[in-house]
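Look over the sequence and the model below before reading on. The questions that follow go through the fold and then some of its residues.

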Amino acid sequence: MAALLIESKNKQLIIGLHLAGWFMYGALMNLTHRLSTPTVTITDTVSALIPYILTFYVSLACFHLLKAKRFVVGVAVFVVVFITMSGIGYFYVYWFLPRNGIVLFLDSDFGLFLSQAIWGFFYMFFSAALYYIIPLLLKNERKLRISENEKMQQELENVLLKQQELKAQQEKLQYENAFVRSQINPHFLLNTLNVLFSQALPHSEMLAANIRKLSEMMRYSLDSIQFESDKVPVQRELDNLKTLIEINEMRFPSAKVIDYCIEGEAGAQMVPPLSLTTIVENAFKYGDLKDPGNPLQIKVVFHPEQFYFYCRNKKRKQKNNIEISSYKIGLSNLRRRLDVSFKGRYLTKVEDEEDFYTFESLVSGKNT
């Protein structure tokens, strides 16, 4: 509605400018005619002005109809319009006006009439041409300027995109370097766990089994650095997650406080190493796992080209905010790793309620 109002106002403005222009042109004609022929009236001037006005708008209409046609067609139209308007002008001046009591030219003034008709036609034809062409040139110049601005904007966006890609690669290298630097102490711990496993086996198979599970988790953490893409098959991550759950189930042997289920079969999906493990480990660390009515819920659902992960735990009452802050930092780091591996191909949702904490993630697309 607003666009229609603006268009209507623009048309009214154009019509007003045209009327003002013709009024000024007619006033100038009347003044020049009076200097040579004082008996010229306003009616005579208006009558003489009408053919000029008609020629201008007929020529302008032809330009709009032809637009970008060939030059030969333009010349042909010029000739046809000239002959047609000359005929109309002769009929108008020598037949129509005299029958209405207005005589602009006598029969003996035909040469004068013809010269003024030719001059007037050329004048109005080329005035119409300028009126038609100049806005087109301005419009094309504006389009060219807009196109150049859009091109510059696109180039700027490409530069920013490349900068983001370089930043993501840099962050990835930083994670990998940090992981490499941390290998020394974990290797020492892994060797120590193997020694403890050998010493515990003769005394307690359960204790030895749990040390072995802890050793497997440590080895998985070390082996993950071998994947240059910073991604591992999701099945390996789930195997590690199962080991973590088995170790924590030792704390609650008589109560079912962990509800873990997998739907579907793992395919070629990939995930950043320790990504799912980090979420579940935080649930064990900060969650209240002493309430069988609200067990820790872990769910993984596989689809052909995506998988869904869900983790919900009841919150343990915190005495301070230090642990909560640490958890938020871990979650922030996880999101950065997901950005590196699955930019634009994953969704995460966090619900931080008063008594419960829920984390959901959906990774889509072919993970290569």
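Helices (H or I, at least four residues) and strands (E, at least two) are runs assigned by DSSP and numbered from the N terminus, and two strands pair if DSSP finds at least two bridges between them. The model is a predicted one, in which local features need pLDDT of at least 70 and side-chain atom pairs count only at pLDDT 80 or more, while totals for chains, interfaces and linings use all residues. Residues are numbered from 1 along each chain as its sequence is written, and side-chain values use heavy atoms, with hydrogens and water left out.

Q: What percentage of the residues of the protein count as buried?
A: The protein has nine helices and seven strands. A residue is buried under 20% relative accessible area, exposed over 50% and partly exposed in between, with a 1.4 Å probe and protein chains only. By that rule, the share of the 368 residues that count as buried is 30%.

Q: Which strands stand at the edges of the sheet?
A: Five strands form an open sheet with mixed pairing, in the order β2-β4-β5-β7-β6. Two of these strands each have a single partner, so one side of each is left without a neighbour in the sheet; the strands at these edges are β2 (258–263) and β6 (346–352).

Q: What is the average twist from one strand to the next?
A: The angles here run from 0 to 180 degrees between N-to-C directions, and the axes are lines fitted to C-alpha atoms, for helices over the stretch in contact. From one strand of the sheet to the next, the twist averages 5 degrees.

Q: How many residues are in the hairpin that joins β4 to β5?
A: Strand β4 (residues 296–303) and strand β5 (residues 306–314) run antiparallel and are joined by seven bridges. Within this pairing, Gln297 has Arg312 as its bridge partner, and Val301 has Tyr308. The hairpin passes from β4 to β5 through two residues.

Q: Which residue in β4 does Cys261 stand opposite?
A: Strands β2 and β4 run parallel, and six bridges join them. In this pairing, the residue of β4 that stands opposite Cys261 is Lys299.

Q: At about what angle to β5 does helix α8 run?
A: Contact means heavy atoms within 4.5 Å. Helix α7 (residues 234–249) lies across β2, β4 and β5, and its direction makes about 160 degrees with β2. Helix α8 (residues 275–286) lies across β2, β4, β5 and β7 (356–364), and its angle to β5 is about 10 degrees.

Q: Over the face of which residue does Arg312 lie?
A: A charge sits over a ring if NZ of Lys or CZ of Arg is within 6 Å of the ring centre and within 35 degrees of the ring normal. The charged end of Lys231 sits in this way over the ring of Phe342, at 5.2 Å from its centre. For Arg312, at 4.5 Å from the ring centre, the residue is Phe356.

Q: Is Asn313 buried or exposed?
A: Asn313 lies in strand β5. Leaving out residues up to four places away in sequence, Asn313 touches several residues, including Ala283, Leu296 and Tyr357. Its relative accessibility is 7%, and therefore Asn313 counts as buried.

Q: How far from a polar atom of the side chain of Gln269 does the backbone oxygen of His303 lie?
A: Gln269 belongs to the loop between β2 and β3, and because its relative accessibility is 4%, Gln269 counts as buried. A polar contact is a pair of N or O atoms within 3.5 Å, where within protein one must be able to donate a hydrogen and the other to accept it, and residues adjacent in sequence count only if both atoms are side-chain atoms. The side chain of Gln269 reaches the backbone nitrogen of Gly267 at 2.7 Å. From a polar atom of the Gln269 side chain to the backbone oxygen of His303, the distance is 2.9 Å.

Q: What is the phi of Leu274?
A: Most residues other than glycine have a negative phi. Leu274 is found in the loop between β3 (270–271) and α8, and it is partly exposed, with a relative accessible area of 22%. Although Leu274 is not a glycine, its phi is positive, at about 70 degrees.
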